[in-house]
Amino acid sequence: MEALALQKKEQRNAELRERLFQLKKERNAIILAHFYQRPEIQEVADFIGDSFGLAQKAKETEADVILFCGVHFMGESAKILNPNKTVIIPDERAGCPMADMVNVEGLRKVKAQHPNAKVVAYINTSADVKAETHICCTSSNAQRVIESVDSDEIIWVPDKNLGHYVSQFTNKKMIIWEGYCNTHDQLSVQDIMLMKAEHPEALVVVHPECRPEIVALADYVGSTTGILKFCKESNQKEFIIGTEDGTRYMLEKESPTKQFYFASKYLVCPNMKVNTLKKCVEALETLKPQIYVPEHVANAARASLERMLEVAPG
Ligand code: SF4
């Protein structure tokens, strides 16, 4: 019965893939997907990456339409970098709770309290918040970005865990916002210890959006791209993974002989998972939902994003 259901699902997916590729050609579209997307979406993507890689790819593309499979702020960044292109997303409900933890009003208040500070925004922010910032960064380039800023005082938004992590590598004063990623922040020391007891040979590899006490237990801390590279190049065969479950697809693809144990069954971002193959097809069929960013917001946010791409191009 289960085998039959799987067979039907695979047949349905094959039909959806065929329609998707046909539409992609007709629309001259590119499909960009985040590492946290469902495997069936990563399978059809032209490029799979983390926020940084996807921002770079969005800037380079010559396609007319970008189907951005990730969460809303990522689609916004693609639109800001490509104001003349059509940017669509599979489901407009795909938001990021961490990005929603900072708003313009709150940020302006903190800026007024620290007039000499410059704002560094994790790319996980809305376009209108980016427009209030000096420079954006991602988990792969945060340290380089902070050092590039012409001020000894930094207002950091919104992720307190990443902010705490990068503050260890700089002498600058960091005023850290109290946001967090619901998915990474719930990982506990107990989760890691239980996994370590079960798999004593495994290396612990985590994303810096995890809490400081988790980061302190890790053998490697890095962005999703960094995690993939580390696991691929390591001589070790087993890894305890502290990041979102969608990364499993690429970890297993790039390192098929290695074992990956996700540190908790709750490492799943529900927002990333609202996108489906069927919604990708519908988005390309209807060119909806589309991302719109008001011009004055886009211009200010673009300056912040482009500054990042200039100081940390790779
Ligand atoms: S994994 Fe965390 S930071 Fe990424 S989209 Fe989900 S809630 Fe936002």
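The structure is a predicted model, in which local features need pLDDT of at least 70 and side-chain atom pairs count only at pLDDT 80 or more, while totals for chains, interfaces and linings use all residues. Residues are numbered from 1 along each chain as its sequence is written, and side-chain values use heavy atoms, with hydrogens and water left out.

**Around the ligand**

Let's start with the ligand. Its surroundings are formed by Y36, V71, C96, P97, N124, C181, E209, C269 and M272; a residue is near a molecule if one of its heavy atoms lies within 4 Å of it. Sorted by class, this shell holds 7 nonpolar, 1 polar and 1 charged residues. In this sorting, Ala, Val, Leu, Ile, Met, Phe, Trp, Tyr, Cys and Pro count as nonpolar, Asp, Glu, Lys and Arg as charged, and the others, Gly among them, as polar.

C96, C181 and C269 are listed by UniProt, in an unreviewed entry, under "binding site". UniProt positions are given in the numbering used here, feature names are shortened, and annotations may be inferred rather than shown by experiment. These residues span 174 residues in sequence, yet no two of their C-alpha atoms are more than 9.1 Å apart, so they gather at one spot. You can find C181 in the loop between β8 (173-176) and α9 (182-185). Helices (H or I, at least four residues) and strands (E, at least two) are DSSP runs, numbered from the N terminus.

**How helices pack**

Two packed helices are described by the angle between their axes and the distance between the axes. Axes are lines fitted to C-alpha atoms, for helices over the stretch in contact, and angles run from 0 to 180 degrees between N-to-C directions.

| Helix pair | Angle | Axis distance |
|---|---|---|
| α12 (224-233) and α13 (247-254) | about 30° | 10 Å |
| α3 (51-60) and α4 (72-81) | about 30° | 8 Å |
| α3 and α15 | roughly 105° | within 11 Å |

Angles under 35 degrees count as roughly parallel, over 145 as roughly antiparallel, 65 to 115 as roughly perpendicular and the rest as oblique. The α12 and α13 crossing is right-handed; a crossing is left-handed if the near helix is turned anticlockwise from the far one by less than a right angle, and right-handed if clockwise. From α12, T224, I227, L228, C231 and K232 meet T247, M250, L251 and E254 of α13, where contact means heavy atoms within 4.5 Å. These contact residues include 5 nonpolar, 2 polar and 2 charged ones.

Turning to α3 and α4, at about 30°, these helices are roughly parallel, and their crossing is right-handed. S51, A55, A58 and K59 of α3 touch F73, M74, A78 and L81 of α4.

At roughly 105°, α3 is roughly perpendicular to α15. Here F52, Q56 and K59 in α3 meet E306, M308 and L309 in α15.

Most residues other than glycine have a negative phi, and most peptide bonds are trans. Where are the cis bonds? One joins V157 and P158, with omega about -15°, and P158 lies in the loop between β7 (153-157) and α8 (160-167). Another runs from K288 to P289, with omega near -10°. Finally, N28 has a positive phi near 50° and sits in the loop between α1 (2-27) and β1 (29-34).
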